[in-house]
Amino acid sequence: MIQSRFFLIRRILATAPESSAPSSLKIYFRLLGYVKPYVGMFLVSILGFVIFASTQPMLAGILKYFVDGLSNPEAVLFPTVPYLRDLQLLQAVPLLIVLIAAWQGLGSFLGNYFLAKVSLGLVHDLRSSCSTSCWYCPTAISTATTPDT
(Lines give C-alpha, C1' and ligand atoms only; values in the text may rest on other atoms or scores of the structure.)
Protein backbone atom coordinates (compact mmCIF):
# COMPACT_ATOMS: atom_id res chain seq x y z
CA MET A 1 0.00 0.00 0.00
CA ILE A 2 2.80 2.42 0.89
CA GLN A 3 4.66 1.55 -2.30
CA SER A 4 1.58 2.16 -4.42
CA ARG A 5 1.13 5.61 -2.84
CA PHE A 6 4.79 6.37 -3.49
CA PHE A 7 4.51 5.41 -7.16
CA LEU A 8 1.27 7.36 -7.51
CA ILE A 9 2.89 10.52 -6.08
CA ARG A 10 5.88 10.04 -8.39
CA ARG A 11 3.63 9.67 -11.41
CA ILE A 12 1.65 12.82 -10.48
CA LEU A 13 4.82 14.81 -10.02
CA ALA A 14 6.28 13.53 -13.27
CA THR A 15 3.19 14.47 -15.27
CA ALA A 16 2.63 17.83 -13.54
CA PRO A 17 3.07 20.74 -15.91
CA GLU A 18 6.11 22.90 -15.34
CA SER A 19 5.12 26.28 -14.00
CA SER A 20 6.63 29.42 -15.43
CA ALA A 21 7.11 30.86 -11.92
CA PRO A 22 10.58 30.38 -10.42
CA SER A 23 10.88 27.79 -7.69
CA SER A 24 11.33 28.84 -4.10
CA LEU A 25 14.81 27.31 -4.09
CA LYS A 26 15.86 29.53 -7.00
CA ILE A 27 14.47 32.57 -5.23
CA TYR A 28 16.26 31.59 -2.01
CA PHE A 29 19.61 31.21 -3.75
CA ARG A 30 19.12 34.49 -5.62
CA LEU A 31 18.45 36.29 -2.33
CA LEU A 32 21.37 34.50 -0.71
CA GLY A 33 23.58 36.00 -3.41
CA TYR A 34 22.96 39.42 -1.87
CA VAL A 35 24.58 38.22 1.38
CA LYS A 36 27.91 37.25 -0.24
CA PRO A 37 29.58 40.67 0.21
CA TYR A 38 28.81 40.54 3.93
CA VAL A 39 30.19 37.08 4.78
CA GLY A 40 33.22 38.50 6.62
CA MET A 41 31.13 40.78 8.81
CA PHE A 42 28.69 37.95 9.47
CA LEU A 43 31.55 35.71 10.67
CA VAL A 44 32.84 38.48 12.96
CA SER A 45 29.32 38.74 14.35
CA ILE A 46 29.23 35.01 15.04
CA LEU A 47 32.64 35.26 16.72
CA GLY A 48 31.27 38.04 18.94
CA PHE A 49 28.32 35.95 19.99
CA VAL A 50 30.64 32.99 20.71
CA ILE A 51 32.76 35.29 22.92
CA PHE A 52 29.61 36.44 24.70
CA ALA A 53 28.42 32.86 25.23
CA SER A 54 31.81 31.78 26.56
CA THR A 55 31.54 34.21 29.48
CA GLN A 56 28.59 32.46 31.07
CA PRO A 57 30.52 29.36 32.16
CA MET A 58 33.45 31.61 33.12
CA LEU A 59 31.29 33.44 35.66
CA ALA A 60 30.01 30.17 37.07
CA GLY A 61 33.56 28.84 37.39
CA ILE A 62 34.90 31.98 39.05
CA LEU A 63 32.14 31.97 41.66
CA LYS A 64 33.51 28.66 42.92
CA TYR A 65 36.73 30.47 43.80
CA PHE A 66 34.73 33.24 45.45
CA VAL A 67 33.13 30.73 47.83
CA ASP A 68 36.53 29.13 48.46
CA GLY A 69 37.96 32.56 49.26
CA LEU A 70 35.27 33.17 51.84
CA SER A 71 36.16 29.94 53.64
CA ASN A 72 39.96 30.48 53.35
CA PRO A 73 40.81 34.18 52.89
CA GLU A 74 44.56 33.53 52.67
CA ALA A 75 44.25 31.19 49.68
CA VAL A 76 46.00 32.11 46.45
CA LEU A 77 44.35 31.77 43.03
CA PHE A 78 47.51 31.61 40.89
CA PRO A 79 50.27 30.00 43.00
CA THR A 80 52.56 29.22 40.05
CA VAL A 81 52.32 32.54 38.13
CA PRO A 82 55.21 34.81 39.25
CA TYR A 83 53.47 38.20 39.36
CA LEU A 84 50.11 36.90 40.51
CA ARG A 85 51.46 34.66 43.27
CA ASP A 86 50.77 37.26 45.99
CA LEU A 87 47.22 37.97 44.81
CA GLN A 88 44.74 36.41 47.25
CA LEU A 89 41.36 34.99 46.26
CA LEU A 90 39.40 37.85 47.81
CA GLN A 91 41.38 40.28 45.65
CA ALA A 92 41.59 38.22 42.46
CA VAL A 93 37.98 37.11 42.15
CA PRO A 94 36.39 40.60 41.90
CA LEU A 95 39.09 41.60 39.43
CA LEU A 96 38.36 38.53 37.30
CA ILE A 97 34.62 39.21 37.45
CA VAL A 98 35.23 42.72 36.08
CA LEU A 99 37.48 41.31 33.33
CA ILE A 100 34.87 38.70 32.42
CA ALA A 101 32.18 41.40 32.27
CA ALA A 102 34.41 43.46 29.95
CA TRP A 103 34.99 40.38 27.75
CA GLN A 104 31.24 39.78 27.71
CA GLY A 105 30.61 43.39 26.70
CA LEU A 106 33.13 43.13 23.87
CA GLY A 107 31.47 39.97 22.57
CA SER A 108 28.01 41.48 22.80
CA PHE A 109 29.13 44.63 20.98
CA LEU A 110 30.87 42.71 18.18
CA GLY A 111 27.92 40.36 17.69
CA ASN A 112 25.21 43.00 17.64
CA TYR A 113 27.15 45.69 15.75
CA PHE A 114 28.26 43.51 12.87
CA LEU A 115 24.91 41.74 12.59
CA ALA A 116 23.24 45.15 12.32
CA LYS A 117 25.80 46.17 9.66
CA VAL A 118 25.00 43.04 7.65
CA SER A 119 21.23 43.51 7.89
CA LEU A 120 21.34 47.22 7.04
CA GLY A 121 23.68 46.61 4.12
CA LEU A 122 21.49 43.80 2.84
CA VAL A 123 18.34 45.92 3.02
CA HIS A 124 20.16 48.79 1.27
CA ASP A 125 21.35 46.50 -1.52
CA LEU A 126 17.85 45.08 -2.02
CA ARG A 127 16.30 48.54 -2.12
CA SER A 128 18.95 49.78 -4.54
CA SER A 129 18.40 46.79 -6.81
CA CYS A 130 14.65 47.28 -6.75
CA SER A 131 14.99 51.00 -7.40
CA THR A 132 17.39 50.40 -10.28
CA SER A 133 15.07 47.89 -11.90
CA CYS A 134 12.17 50.33 -11.60
CA TRP A 135 14.11 52.92 -13.60
CA TYR A 136 14.17 50.57 -16.55
CA CYS A 137 10.50 49.54 -16.45
CA PRO A 138 8.43 50.46 -19.47
CA THR A 139 6.09 53.39 -19.02
CA ALA A 140 3.05 51.23 -19.76
CA ILE A 141 3.74 49.07 -16.71
CA SER A 142 4.21 51.98 -14.33
CA THR A 143 1.08 53.81 -15.53
CA ALA A 144 -1.00 50.62 -15.42
CA THR A 145 -0.07 49.93 -11.80
CA THR A 146 -0.45 53.44 -10.36
CA PRO A 147 -3.90 54.48 -9.17
CA ASP A 148 -5.64 57.39 -10.82
CA THR A 149 -5.79 60.46 -8.68
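Analyst: Let's start with the nonpolar patch, where helix 3 gives the most, with six residues. Helices are DSSP runs of H or I, at least four residues long, numbered from the N terminus. This is a predicted model, where local features need pLDDT of at least 70 and side-chain atom pairs count only at pLDDT 80 or more, while totals for chains, interfaces and linings use all residues. Residues are numbered from 1 along each chain as its sequence is written, and side-chain values use heavy atoms, leaving out hydrogens and water.

User: Where is the confidence lowest, and where is it highest?

Analyst: pLDDT is the predictor's confidence in each residue, from 0 to 100. In the protein chain, helix 1 (residues 2–15) is lowest with a mean of 54, and helix 3 (residues 39–71) is highest at 90.

User: Does Phe49 count as buried, partly exposed or exposed, and why?

Analyst: Buried means under 20% relative accessible area, exposed means over 50%, and partly exposed is in between (1.4 Å probe, protein chains only). Phe49 lies in helix 3 and counts as partly exposed because its relative accessibility is 33%.

User: Which residues of helix 3 are buried?

Analyst: An α-helix has 3.6 residues a turn, so residues three or four places apart point the same way. In helix 3, the buried ones are Ser45, Gly48, Ile51, Thr55, Ile62 and Gly69. The buried residues of helix 3 pack against helix 4 (89–135).

User: How many helices and strands are there?

Analyst: The protein chain has five helices and zero strands.

Conventions. Helices (H or I, at least four residues) and strands (E, at least two) are DSSP runs, numbered from the N terminus. Contact means heavy atoms within 4.5 Å.
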